[in-house]
Structure formats: structure tokens, C-alpha cells
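Biologist: Could you walk me through the charged and aromatic contacts in this one? I'll ask as we go.

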Amino acid sequence: MTQDIVIERPLGPSENFYRCRNAAGFYQNFAAVGTYSIDLASKDRVMFCALRKSILDYHILICNLFKNEADRNTILRPIAKATFGDLYVKVNGPTGGRRWYEKFIHDLCCEKLFDIYEESPLFRIVLAGECTLGATFEHTAADGVVAPQFHAIFLDNLGFCGNRSNEKEYEESYGKIPDVIGSDTVIFDAAKDTQFIKHSLPPPVEMFMENHLDYTFGDDEHYSIATPKNYPKKWPGRFPAKLKANKIMKLVHVGPEHFNPLLAACREKRVTLTAYLATIQALTFNPIYGDKHHTSCMIAVTLRRFLTPDVVEEPYKEIVANEKYRILGNFAHMGLPTLFEPVKEFSWDLVKKVNGELFQTTKNPRLLNTSKGFTDAADLYDESGELFSPILGANKADSVKMSNLGAYNFPVYEIEGENWTIDDLQFAQDMAPGASEFVVNVVSCPRGGLNIVLSYFEGDTGDEEVLANIHRDFEENIKKYYAA
């Protein structure tokens with residue numbers, strides 16, 4: 001370890017928002033579930049080694065939040081100690097089928113699994129059966145992109161640690177492997193293991209974004225605020241926001257036989273898959289939205305695209321310049337609203353319009369300006385719960401939030417005659433009470449195809465019959481219109 005490595009640091013204003021939201025009870029976790037090609041349940045030794053390597057290479061995974069009374073702020077730092085069982089849990093019983101996956105990922109996202117300000121991790125992996133591995137995260141120090149990235153990191157480390165010829169190199173870099181490994185085996189001890197940390201924490205996002213400047217660049221007709229001419233009123237939503245509401249999660253799956261030609265169609269039309277899916281949701285959900293209002297679709301973007309070595313301070317340049325190092329941390333932005341008139345029929349022209357607006361959003365260096373009101377008002381030490389409570393009882397901010405984490409083509413490692421890889425991947429997240437009526441979480445990989453977790457709040461609003469089939473309609477429409 002050298003003094004150039006950032007082992008701990010204060011939270012940035014954006015991270016502080018997620019801390020406050022957690023403390024207010026307005027959001028729990030997000031998660032990604034990977035289907036591995038091997039029996040992980042019988043491989044505790046390699047699981048231990050791969051997990052230890054993962055948390056030492058990316059020590060943000062072993063951090064929690066702690067209040068710093070002297071400076072009246074909150075810091076992100078490694079916890080004092082963790083056992084294998086603190087980070088890795090096995091769940092026995094049968095697995096498989098849509099309903100099982102929906103419940104599994106719901107529990108990873110919506111149950112309270114972590115406590116901030118405690119000497120305990122804000123991240124965990126849960127193995128169900130032999131090969132279904134869920135990775136779940138509290139949101140302050142990590143955004144949704146981290147969930148599939150973790151699986152990519154972990155698979156690489158499984159491949160490295162599963163090869164016995166790498167054992168000497170492993171022990172030189174990460175310490176001796178315990179002779180006996182169980183749930184009580186210490187996997188991280190800050191007093192002994194800080195020496196093995198080789199990389200800085202990720203920088204706070206404010207370091208490289210123009211958050212103090214107007215994101216519209218003075219344009220009163222900016223696409224995110226110019227309401228459709230014939231539909232000036234915004235859809236009020238299904239029911240006002242409330243803190244306690246059951247969250248429904250439905251799995252939408254598009255297999256490779258449809259997903260690959262869908263991608264080809266999007267490439268031919270020069271649009272992104274995200275723009276296509278956003279348009280299909282507006283068409284599919286129109287029976288819920290109705291014909292009298294415009295709706296708003298927030299398409300999340302990662303601010304990593306603005307992260308380059310020349311815009312960060314010296315301690316962070318090494319990880320940003322290293323193309324093989326995956327930047328974890330929290331660089332999430334909810335995006336800017338895409339405003340839809342009621343959509344009655346599919347149109348590639350509409351997809352192209354959405355695509356053009358999304359392209360502008362991803363190039364906008366001032367996106368953090370949209371949260372300036374909160375970050376200016378929030379305290380860096382206390383929880384600022386009063387900034388969240390006005391949301392309750394009011395209409396939700398948006399009709400739908402969409403997060404597309406992209407496509408992951410996982411490598412295949414041949415270990416002792418077995419092919420070790422990840423064949424399928426799903427992503428989902430908890431729902432904040434006042435954010436949106438629906439959340440559409442998207443991730444894909446070539447072998448598994450496209451997986452979407454559609455989430456919404458349960459409520460007696462008279463639209464239950466339509467909602468009961470909305471995920472099936474969404475799935476069918478995704479497959480139906482790409483050939484139009």
C-alpha cells in the first residue's frame with residue numbers, strides 16, 4: 001500500500017442523496033442474478049478465494065458509511081472485519097421457473113439486508129441451489145451497473161482461483177489460503193489486509209461533472225420540459241405515493257432466437273435497443289396511461305461515460321486509465337424525461353425521436369444539475385429526512401423509469417475439463433415510493449437473451465386485470481414489432 005491510494009474518503013453530494021434515502025427508508029437494494037454453468041455449492045474453497053480477491057481488488061465492496069463528527073460529514077471506509085458468511089449465503093431448495101426467479105430477485109431487492117453506519121458489509125452474494133448466484137447491494141456506494149460488473153469480475157476471479165497453477169501468485173498478492181474454510185472464516189481483516197489493497201476507491205461523481213450549470217443550456221423548449229402540444233397535462237399515476245406498498249416484480253424474457261434479430265433491426269434503423277424498448281413500453285402501457293395525458297419516461301444513464309483520466313485528481317487516475325479495471329462506485333443518473341403523447345401504434349419514427357433525445361442526454365455534462373436542489377439542501381452528516389417526506393401523498397414523479405445495463409458477453413474458462421461461465425443474467429432494483437409508477441430493468445447476454453424485470457406497486461385502482469397481463473403483453477410486443 002502507498003499513501004497515493006485512496007482507502008477512504010468523504011461521500012460526495014450525490015452519494016449523500018442515496019445515504020439519506022436509505023436512512024429515510026425510501027429504498028433498499030438492487031441486485032443481479034447470474035446463472036452459472038457449474039456447481040458453485042460444492043466449491044467453497046474457490047468461492048472464498050475468488051470473493052476475497054474481488055473485495056481486495058475492489059475494496060469499495062467491503063466498505064460501509066460512517067459519520068465523522070469532527071468534520072460533520074459521512075465517510076466511506078472499509079469495515080474492521082468480515083467473515084465468509086457475512087458476504088456469502090447459501091439457500092437450499094429447488095430453483096427455477098419464472099415465479100421462483102421473481103420472488104428470489106424481489107427478496108434480494110426489497111428486503112432490508114444491510115445497515116449503514118455499522119461494521120458490516122453493504123454487499124452480499126446469495127447462492128440458491130447449485131448455480132444461481134444473486135449479488136445484492138445497498139445503493140449509496142454502488143449503482144446498478146455494478147451488479148452485472150460484479151458477476152464479470154467474480155467469474156474472472158473464479159477462473160483464476162480455480163486454476164491451481166495460480167495459487168502461488170494468489171498467496172503472494174492476497175495472503176495465505178486458510179486450510180479450513182467455513183462461514184466463520186475471516187475473509188477480510190482491515191488491520192492485516194489493508195496491505196493487499198492496490199487500487200483507490202472510485203472518485204465522487206462531482207469531480208468531473210458540471211453540476212452547478214443549467215442542464216438545458218438556457219433552452220426553454222428543451223425536449224425534457226416541452227410538453228406535447230395536444231396533451232399538456234401529465235398522467236397523474238395510479239395512486240399517490242406511500243411508504244408501505246407491496247412491490248410486484250414480473251420477469252419478461254426474450255430468448256436469443258428473437259433477441260439477436262431484434263438487435264440487428266435496431267442496428268439497421270440506427271437506434272439503440274433502449275429507445276426501442278422505451279417506445280414499446282409506451283405502447284404496451286397505454287391501456288393503463290389512458291388517452292388524456294402525456295407520460296414521462298426516465299431513461300437512466302451512467303455518468304462513467306464522462307470519466308476520463310484528465311478530469312480526475314491524481315490518486316484516481318490509475319484506475320480510470322486502466323482499461324482492464326472496472327470502475328465500480330455510484331455514477332448513476334436517472335436521465336432526463338422523454339415525454340410521450342398517448343401511443344396507439346408502433347412507429348420507427350417515434351423510436352428515432354426517442355433515440356435522438358437519449359443521445360443528447362448521454363452527451364450532456366450538466367446532468368447532475370437536475371439534483372442540485374437536493375444536494376444543496378441536504379446535510380452531509382444528518383439524514384435530511386424532511387427532504388423526502390413531502391413525496392408521500394403526492395403523485396409520483398414519473399410514469400416509468402427504465403434502466404438498461406447493456407449486454408454482457410461472459411468469457412468461458414476451461415477448468416479441469418469443465419467450462420466455467422455465466423449463461424444468463426437478470427437485474428432488478430427496489431422501488432422508491434415517489435419516483436415512478438413502473439420500473440423497467442433490462443440486462444442481456446448472448447446465450448440467455450434479453451431479461452427484463454418489470455416492477456410496479458400493488459394497489460386497488462381498478463386496473464388490476466390489465467396489470468395482470470401487462471408483462472406478457474410487453475414481452476409479446478417486444479418480439480412483435482421489431483420486424484415492422
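Modeller: A word on terms before we start: a residue is called exposed when its relative accessible area is over 50%, buried when that area is under 20%, and partly exposed in between. Please also keep in mind that this is a predicted model.

Biologist: Okay, so is E221 buried or exposed?

Modeller: E221 has a relative accessible area of 59%, and because the cut-off for exposed is over 50%, E221 counts as exposed. E221 sits in the loop between α7 (190-193) and β10 (247-254), and together with D214, D219 and D220 it forms a negative surface patch.

Biologist: Switching to salt bridges, how many are there?

Modeller: The count comes to 29 salt bridges. One of them joins the side chains of D193 and R52, at 3.0 Å from N to O. D193 lies in helix α7 and R52 in helix α2 (residues 44-57), so this pair ties together parts that are 141 residues apart in sequence.

Biologist: Are those two buried or exposed?

Modeller: Both D193 and R52 are buried.

Biologist: And what does R72 pair with?

Modeller: The side chain of R72 meets that of D382 in a salt bridge of 3.8 Å, N to O. This pair links distant parts of the chain, 310 residues apart, with R72 in the loop between β3 (63-68) and β4 (73-78) and D382 in the loop between α13 (372-377) and β15 (398-407). R72 is partly exposed at 42% relative accessible area, and D382 is partly exposed at 34%.

Biologist: What about K247, where does its partner sit?

Modeller: K247, in strand β10, is paired with D430, which is in the loop between β18 (422-429) and β19 (436-445), 183 residues apart. Their salt bridge is 2.9 Å from N to O; D430 is buried at 3% relative accessibility, and K247 is buried at 18%.

Biologist: Which residues make up a salt-bridge network?

Modeller: R98, E475, E476 and K479 are linked in a network of salt bridges.

Biologist: Now the aromatics, how many pairs are there?

Modeller: There are 29 aromatic pairs. In one of them, F84 and Y88, the ring centres are 5.0 Å apart and the planes are at 40°, so the pair is tilted. F84 is buried at 4% relative accessibility, and Y88 is buried at 7%.

Biologist: And Y408 with F410, why is that pair called stacked?

Modeller: The planes of Y408 and F410 are at 20°, and because planes under 30 degrees apart count as stacked, the pair is stacked, with centres 6.0 Å apart. Y408 is buried at 14% and F410 is buried at 4%.

Methods: Residues numbered from 1 in each chain as written. Predicted model: local features only at pLDDT ≥ 70, side-chain atom pairs only at ≥ 80, totals over all residues. Heavy atoms only, no water. Patch = residues over 30% accessible without salt bridge, like charges linked within 9 Å, V, L, I, M, F, W, Y side chains within 5 Å. Areas by Shrake-Rupley, 256 points an atom, 1.4 Å probe, with all protein chains shown as cover. Salt bridge = Lys/Arg side-chain N within 4 Å of Asp/Glu carboxyl O. Lys, Arg positive; Asp, Glu negative; His and termini not counted. Charge placed at Lys NZ, Arg CZ, Asp CG, Glu CD. Helix = DSSP H or I, 4+ residues; strand = E, 2+ residues; numbered from the N terminus. Buried < 20%, exposed > 50% of the residue type's maximum accessible area, 1.4 Å probe, protein only. Phe/Tyr/Trp six-rings, centres within 6.5 Å; stacked < 30°, edge-to-face > 60°.
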